[in-house]
Amino acid sequence: MIDKNCVFCRICGGQIPSSKVYEDEKMLVFKDIEPKAKVHLLAIPKDHFKLLSEMDCERAETLKYMLTKIPEIAKENGLENGYRLIINQGDDAGQTVFHLHIHILGGETLPW
Ligand code: 5GP
Ligand code: ZN
């Protein structure tokens with residue numbers, strides 16, 4: 001599913017430009033526009049859903065696929081020394097874009 005009002009769906013569709021670092025039929029990885037670490041990538045499923053709490057078996061298969069790809073994508077982007085994955089769920093976590101995404105942070109010693 002695609003939501004035409006969703007920023008990340010629009011990035012997937014190419015209507016909003018982004019610095020893509022990896023793309024296949026299921027997922028896209030691109031640079032965060034406001035990086036919170038030296039390297040800050042966002043990995044998204046192409047299928048739009050808003051929240052981790054909307055996870056189901058099919059979406060979990062995609063998430064599993066993404067988690068198998070992320071280590072090689074991280075390595076290709078210079079994160080051999082480690083990195084952190086974050087999924088923000090909802091308002092208390094400060095989620096601002098409601099299309100599930102995994103933050104990939106690294107390129108330096110992270111503060112916590
Ligand atoms: P959240 O707070 O929802 O977990 O993270 C959303 C992230 O998306 C933020 O780190 C923000 O900088 C990033 N972001 C928001 N809009 C855009 C955009 O148009 N392009 C890119 N590359 N990143 C975006
Ligand atoms: Zn979306």
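The side chains of lysine 46 and glutamate 23 meet in a salt bridge, 2.7 Å from N to O; by salt bridge I mean a side-chain nitrogen of Lys or Arg within 4 Å of a carboxyl oxygen of Asp or Glu. Lysine 46 lies in the loop between S3 and helix H2 (57-76), and glutamate 23 in strand S1 (residues 20-23), so the pair ties together parts that are 23 residues apart in sequence. Helices (H or I, at least four residues) and strands (E, at least two) are DSSP runs, numbered from the N terminus.

A word on the basis of these values. This is a predicted model, in which local features need pLDDT of at least 70 and side-chain atom pairs count only at pLDDT 80 or more, while totals for chains, interfaces and linings use all residues. Residues are numbered from 1 along each chain as its sequence is written, chains are lettered from A and ligands numbered from 1 in the order in which they are written, and side-chain values use heavy atoms, with hydrogens and water left out.

Glutamate 23 also forms a salt bridge with lysine 20, with the closest N and O atoms 3.7 Å apart. Glutamate 23 is partly exposed at a relative accessible area of 38%, as is lysine 20 at 37%; the classes are buried under 20%, exposed over 50% and partly exposed in between (1.4 Å probe, protein chains only).

Elsewhere, lysine 36 forms a salt bridge with aspartate 32, at 3.9 Å between the closest N and O atoms. Here lysine 36 counts as exposed at 59%, whereas aspartate 32 counts as buried at 13%.

Cysteine 6 and cysteine 9 are both buried.
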